Amino acid sequence: SRADITYFGAGPAALPTDVLETAAQALLDYQGTGLGIAEHSHRSELAAKIINEAKADLATYLDFSPEQYEVLFMQGGGTGEFAASMYNLVGAWVSRQHAAVQKEVQSADEAQVLAALRQRVESGLKVDYIVTGSWSLKAYQEAQRLLGPEYVNLVCDARTVNDGKFGKIPDESTWKLSKDAAYVYFCDNETVDGVEFPSFPKILEPKEDGTGPIVVADMSSNILSRRIPVSNYSLLFFGAQKNLGSTGIAVAILKKTFLPPTVSQPSPALLRKLALPIPPIVLQYEIIAKNNSLYNTLSIFDVYIAGQVLKKLLATYPNGVDGQQAVAEKKAELIYAALEAHPGAYKIVPDKSARSKMNICFRVTKGGNVDEAEKAFLKESTDLNLTGLKGHRSVGGIRASNYNSIPLEGAEKLARFIDEFAKA
Ligand code: PMP
């Protein structure tokens, strides 16, 4: 039964049982209305309340200002956000250039403005990608596909410093950042490769006068597990299905200076003239923000689950994310220590400097035949109700996803098994 197993799957991840029990009831009959939460109109007052509370609780837990950042519930998953982040921040860049050109040219001559703007796009538009694992690689490739490879700059490819495999973050001094990029993109925690940035990259920090690069991060697999300097980012996004809730929604936290009245997205007609892609309306942050995430039908049930997870986190850690971070670190330490105690039986995949606290990736080398050793490891762990440990199909090996819903005892059990398997 559910109570017996500890599920280490990488996503969808396990959710707290009490949250699911509450949600199951809400699915049948929400607050005595006779209708379930998935049946109520997304335009009802109760839906708005669920959305607004989840937004406020997220800001409280992560400690950012709702005056400065907008929380958007998006559809299309983390993958949809690869596209959305590109469209919206390139749009903001074009808007800024357009305003600058209009000032510079000081003429109402549209053709002149357009020519100057086109010139700026051709010579100056760059989006920067830091590739440290398979998800940032996918985001980089999606930007190339949608925007055109000529505009997409590879800041670094982590495989070049680690024998052709992901597992290490290249030194910042080697990063090739563009001048005035529309944004710099990175994935804070690479779910497949087990690579996590130990802290916010120094080179991307804002300068003392407040200026600095426009930074975007994918935090799908480590959001809510550690404190993040939200004010260093222009945009953060994450799919819900690991630490936040159920599959079906993604969240974008966007600095409000990227929304009207400061910035309006360029019109489709202008983008067409510049030969730049036109975003689908469901990916336009401006539209989603204006409609409080209800431009089209949103799964309020998914927002409700996310909201319940946040309420539980805030009840457990009234001071926010720091309490959860301490627990996440402790659990990761236990598991890594058990692996490190047996260098003859296990090989941790990523370099120590970039090891993820959320996705612990390792190979079982005991006995010399990795394939057989890993099969035995997976079979014996499953027999002990430690499940979901198989690594991603693209890289193989073992992956223990140590998300927030794994209790300390679950991590202890796994660490004990790692130790006993090595010794047996
Ligand atoms: N980014 C990261 C870091 C992920 O782990 C994942 C999915 N595991 C994605 C993006 C893609 O998310 P989705 O499947 O929701 O599109």
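Student: Which loop is Asp63 found in?

Tutor: Asp63 sits in the loop between α2 and β2, where helices (H or I, at least four residues) and strands (E, at least two) are DSSP runs numbered from the N terminus. This is a predicted model, in which local features need pLDDT of at least 70 and side-chain atom pairs count only at pLDDT 80 or more, while totals for chains, interfaces and linings use all residues. Residues are numbered from 1 along each chain as its sequence is written.

Student: What is the phi of Asp63?

Tutor: Asp63 has a positive phi of about 65°, although it is not a glycine. Most residues other than glycine have a negative phi, and most peptide bonds are trans.

Student: What about Ser293, and where does it lie?

Tutor: Ser293 lies in the loop between α7 (285-290) and α8, and its phi is positive, about 70°, although Ser293 is not a glycine. Ser293 counts as buried, with 27 C-beta neighbours inside 10 Å.

Student: Now the ligand: which residues are around it?

Tutor: The residues around the ligand are Gly11, Gly77, Gly78, Thr79, Trp135, Cys187, Thr191, Asp218, Ser220, Ser221 and Gly239, where a residue is near a molecule if its C-beta atom, placed from the backbone, lies within 6 Å of it. The largest share of this shell, 3 residues, comes from α3.

Student: How many of the shell residues are polar?

Tutor: The shell divides into 8 polar, 2 nonpolar and 1 charged. Here Ala, Val, Leu, Ile, Met, Phe, Trp, Tyr, Cys and Pro count as nonpolar, Asp, Glu, Lys and Arg as charged, and the others, Gly among them, as polar.

Student: How about α8, how many of its residues are buried?

Tutor: 12 of the 17 residues of α8 are buried, so this helix is largely enclosed by the rest of the structure. The buried residues of α8 pack against α1 (17-28), α2 (45-62), β2 (69-74) and α9 (321-340), going by contacts, in which two C-beta atoms placed from the backbone lie within 7 Å.

Student: Which residues of the largest nonpolar core touch the most other members?

Tutor: Of its 126 residues, Leu89, Val127, Tyr183, Val251, Ala252, Val303 and Ile335 touch the most other members. A nonpolar core is a set of buried Ala, Val, Leu, Ile, Met, Phe, Trp, Tyr and Cys residues joined through C-beta atoms within 7 Å. Helix α3 (residues 77-105) gives the most to this core, with 10 residues. Domain 1 (49-306) and domain 2 (320-423) both give residues to the core, so it lies between them; the domain bounds come from an automatic or database domain assignment.

Student: What is Leu89 in contact with?

Tutor: Leaving aside its neighbours within four places in sequence, Leu89 is in contact with Ala182, Tyr183, Ile214, Val216 and Leu235.

Student: And what separates the centres of the two domains?

Tutor: The centres of domain 1 and domain 2, taken over C-alpha atoms, are separated by 32 Å. The contact takes 24 residues from domain 1 and 24 residues from domain 2, and α2 gives the most to the side of domain 1 that touches domain 2, with 3 residues.

Definitions and conventions
Buried ≥ 20, exposed ≤ 12 C-beta atoms within 10 Å, placed from the backbone.
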